[in-house]
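Me: I'd like to go through this model with you, one question at a time. Can we start with what the words mean?

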Amino acid sequence: MTTATPTVPAGTQATGKTTSARRVRKRLNSPVATLVSIVIAVLWTIPTFGLLISSIRPENEIKTTGWWTFFSHPQFTLENYQQVLFSGSSSGQLASYFINSLAITIPSVLFPLAFASLAAYALAWIDFKGRDWLYIAIFALQIVPLQMALVPLLKFFSTGVTVAGVTVLPAWDLVDEQKFAQVWFAHTCFALPFAVFLLHNFISQLPRDLMEAARVDGATHPKIFRTIVLPLITPALAAFGIFQFLWVWNDLLVALIFAGGGNETAPLTVRLAEMAGTRGNEWQRLTAGAFVSIVVPLIVFLSLQRYFVRGLLAGSVKG
Amino acid sequence: MEFDFAEEQPKFLMLMYGLIAFVAVVGGLLLLLDVVPAWFARRHEAKLVAASASGAPLPRRPKQREGLFALFFLLPTLLLLAVGLVVPAIRTTLLSFMDGSSSHWVGLRNYGWMFSEDSIVRVLINTLIWVLLVPLVATTFGLVYAVLVDRARFEAVAKSLIFLPMAISFVGASIIWKFVYAYRGEGDQIGLLNQIVVSLGGEPKQWLLESPLNTFLLIVIMVWIQAGFAMVVLSAAIKAIPADIVEAARLDGVTPWQMFWRITLPSIRPALIVVVVTLSIATLKVFDIVRTATNGNYDTSVIANEMYNQAFRYQQNGQGSALAVFLFVLVVPIVIYQIRNLRQQREG
C-alpha cells in the first residue's frame with residue numbers, strides 16, 4: 001500500500017505502460033477467439049436488450065408475444081413509462097420513488113466522502129500514538145457484514161440508548177420523510193471502513209516532500225488538507241463517490257429496513273422488488289420500471305467509467 | 001391517485017435539511033480546526049514573549065497538539081463507526097445467545113436450531129453452492145474474456161458491454177432475468193429461455209419453481225453481474241505483465257495455449273486471488289437477487305435472506321442474529337487467507 005518512493009497520485013501511473021504494450025500488439029487474433037468473445041458479449045447484452053425493447057412495446061404485445069417479434073412487427077409506445085411513472089399507486093407511481101432514491105443517495109454519498117477523507121488524512125499524515133493500530137482496526141471493520149449491525153441499529157433508532165435505566169439518547173421517533181435521516185446515517189456508517197481504506201491508499205501516496213514543505217512553511221493540518229490534499233485526491237474522491245452512489249442507489253437491504261415501504265421514503269429498488277413479488281406478470285410495468293431504475297446509474301457509470309475502474313483497481317488490487 | 005408534484009415537496013425539504021446539516025457539520029469542523037489552533041498559537045506566542053521579557057526559561061512547544069488534531073479529524077468517523085458498526089456488532093453477537101424477544105439467555109440454542117432445522121440446513125447448503133460456484137464461474141468468464149479481447153480492435157467497447165451489468169442494481173438484474181425465465185402456459189412464450197427450449201422441440205418450464213435448478217438459475221444472475229468486475233481487474237493485471245517476458249516467450253515459439261498457462265496465469269495469480277476472495281465475500285452476503293426473484297421460496301433461500309426473514313419478518317431476533325454471526329464467521333477465514341497471501345507477496 002504505502003510505497004516509499006513518492007508517486008504522483010493515481011492517473012499518471014498508467015501512461016508508462018502504453019508504449020511497451022504497443023510492442024506486444026502482434027497477438028493471437030484467431031477466428032475462434034473472436035467468435036468466443038462475440039458469443040460472450042452477446043450473451044451478456046441480450047437480457048438487458050430484451051428488457052429495453054419490451055418496455056417500449058404495448059402491453060398486449062408484451063404479454064402475448066416474445067420481444068424478438070418486435071423486429072418483424074415493430075410497435076412502439078411510451079405508454080408503459082407514462083403509466084409506471086405518473087399514474088396511480090397501483091401501477092407503480094415510480095416518479096415518487098425516484099425522488100426518494102435521489103433524496104436517499106445524495107447525502108449518503110456526501111457524508112462518508114467528507115468524513116472518510118478527513119480520517120484518511122489523519123491516518124496517513126498526522127503523527128500520533130497508535131495510528132497504525134487504529135488504521136488496521138478500521139480496515140478490519142470492512143469484513144463485518146452489515147447484517148451484523150441491522151437489528152441493534154434499528155433498535156437504536158426506535159428506542160434510543162438506555163444505560164442502567166437512564167436514557168442516554170432518546171429515540172429518534174422519525175415519521176414519513178424524516179426517515180431519510182435514518183437511511184443516511186446507516187449508509188454512512190456502513191460505507192466508512194471501505195471509504196477510509198480506499199482514500200488512505202491514495203492520500204498516503206502523496207509525496208512526502210510536498211507535505212513537509214507545507215509544514216515548514218507553517219501550514220496547519222487543516223490548511224494542508226484543504227489546499228493541498230483535497231485538490232490532489234479529486235480522482236480518488238470521484239472514484240469513491242461513484243462507488244458509493246451505485247451502492248446506495250442500487251441497495252435494497254438497508255432501504256428495506258431503515259426506510260420502510262411507503263411512498264414517502266422507499267427508494268426505487270424497494271418498490272420494484274415489491275412489484276416483482278406482487279405483480280410478477282405485469283411485464284409492461286416491470287420492464288419499464290426496471291429501466292427507470294437502471295438509467296441513472298447507467299449514465300453515471302458510463303460518463304465516469306475511468307474513475308470507477310481506477311477506484312476498483314486501487315481498492316482491490318493494491319489492498 | 002395521480003402523481004402530484006406538490007406532495008413531493010417535503011422530501012426536497014428534508015433533502016435540503018440533510019445538505020444543510022452536511023455543510024454545517026463538515027464546514028463547522030474545518031472552521032473549528034482552523035480557529036482553535038490559531039488561538040492556541042497566539043497564546044503560545046504571547047507566553048514566549050512574556051518569557052523572553054522576564055528572562056524565564058522558554059516554555060516548550062506543547063507536544064499533544066498533533067494528537068489533538070488527529071482526534072478531531074477522526075472524530076466523526078470513529079463516532080459513527082462505534083455507534084453504527086462496532087457496538088451493534090457486539091450486541092448482535094450477544095443477541096444470538098438470547099431468545100426471539102431478547103429477554104432470556106438461551107445459550108447455544110439458536111446455533112443448534114440453525115444446524116438441526118431442515119429448512120435452515122437447506123439454506124446453508126444453498127449458500128455453499130453459491131459461494132462455490134459464483135466466484136469460480138464469474139472469474140472464469142472474466143478471465144477468458146479479458147484474455148480474448150486483450151488488445152483486440154474494439155477492446156474498450158467490448159469490455160464496456162460485459163462491465164455494464166455492474167451498474168445495474170441486483171433488483172433490476174433480477175427483473176431482467178426473471179423476464180428471460182418467464183413462462184406462459186399457452187400461446188407464444190415471452191421468455192427467451194423457454195422460447196429457445198420450445199424451438200428446440202422441448203416443453204416450456206416454470207424455471208424458478210423447480211428446485212434445485214432454480215438456485216443455479218439465480219446464480220446465473222450473480223455471475224452475469226460480477227463477471228465484469230473480474231474482467232476489469234484481471235485485464236489490468238494482464239496488461240501489467242512486463243512486455244519483455246511476453247516477447248521472450250514468443251521468440252521461443254510458445255503457442256498461445258502455452259502462453260496462457262505458463263506466462264499469463266502465473267503472472268496474474270495475485271490479482272486472481274483478490275478477485276476470487278472479493279467475489280466470495282460478496283456472494284456470501286447475497287440478498288437482493290433471491291429476495292426479488294423468488295423471495296426465498298421454492299428452496300432458494302440463502303443465509304442473508306433467512307437472516308432478514310427471521311429478524312424482521314418473524315421477529316425472531318435471536319435466530320436472526322445467530323445467522324448474522326454465522327455469516328461473519330464464514331467471512332473471517334477468507335479474509336485471513338487473503339491477508340496471509342498479501343504478506344507472502346510482500347516478503348517474496
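Reply: Helices (H or I, at least four residues) and strands (E, at least two) are DSSP runs, numbered from the N terminus. This is a predicted model, where local features need pLDDT of at least 70, side-chain atom pairs count only at pLDDT 80 or more, and totals for chains, interfaces and linings use all residues. Residues are numbered from 1 along each chain as its sequence is written, while chains are lettered from A and ligands numbered from 1 in the order in which they are written.

Me: How many residues of helix 6 of chain B are buried?
Reply: Helix 6 of chain B covers residues 170–180 and is mostly covered. Its buried residues include B:Phe170, B:Trp177 and B:Lys178. The count of buried residues, out of eleven, is eleven.

Me: Why is helix 13 of chain B called largely enclosed by the rest of the structure?
Reply: Among the buried residues of helix 13 are B:Ile303, B:Glu306 and B:Tyr308. What covers them includes helix 7 (147–159) of chain A, together with helix 4 (118–149), helix 12 (288–293) and helix 14 (317–347) of chain B. Helix 13 (residues 303–313) counts as largely enclosed because, of its eleven residues, the number buried is eight.

Me: Which residue takes a positive phi just after helix 13 of chain B?
Reply: Look just past the end of that helix, where phi is about 55°. The residue there is B:Gln315.

Me: Is A:Thr45 buried or partly exposed?
Reply: A:Thr45 sits in helix 2 (residues 31–55) of chain A. It has 14 C-beta neighbours inside 10 Å, so it counts as partly exposed.

Me: Which helix gives the most to the side of chain B that touches chain A?
Reply: Contact here means that two residues have C-beta atoms, placed from the backbone, within 7 Å. By that rule, 94 residues of chain B are in contact with 102 residues of chain A. With 17 residues, the top contributor on the chain B side is helix 2 (residues 65–95).

Me: How many residues on that side of chain B are nonpolar?
Reply: Ala, Val, Leu, Ile, Met, Phe, Trp, Tyr, Cys and Pro count as nonpolar, Asp, Glu, Lys and Arg as charged, and the others, Gly among them, as polar. The side touching chain A has 17 polar and 14 charged residues, and its nonpolar count is 63.

Me: Which residues touch the most other members of the largest nonpolar core?
Reply: A nonpolar core is a set of buried Ala, Val, Leu, Ile, Met, Phe, Trp, Tyr and Cys residues joined through C-beta atoms within 7 Å. The largest one holds 179 residues, and the two that touch the most other members are A:Leu199 and B:Val233.

Me: Which helix gives the largest share of this core?
Reply: Its share is 19 residues, and it belongs to chain A. That is helix 5 (residues 94–125).

Me: What separation do the centres of domain 1 and domain 2 of chain B have?
Reply: Domain bounds come from an automatic or database domain assignment, which gives domain 1 (5–109) and domain 2 (113–347) for chain B. Taken over C-alpha atoms, their centres are separated by 39 Å.

Methods:
A residue is buried if 20 or more other C-beta atoms lie within 10 Å of its own, exposed if 12 or fewer, and partly exposed in between; C-beta atoms are placed from the backbone.
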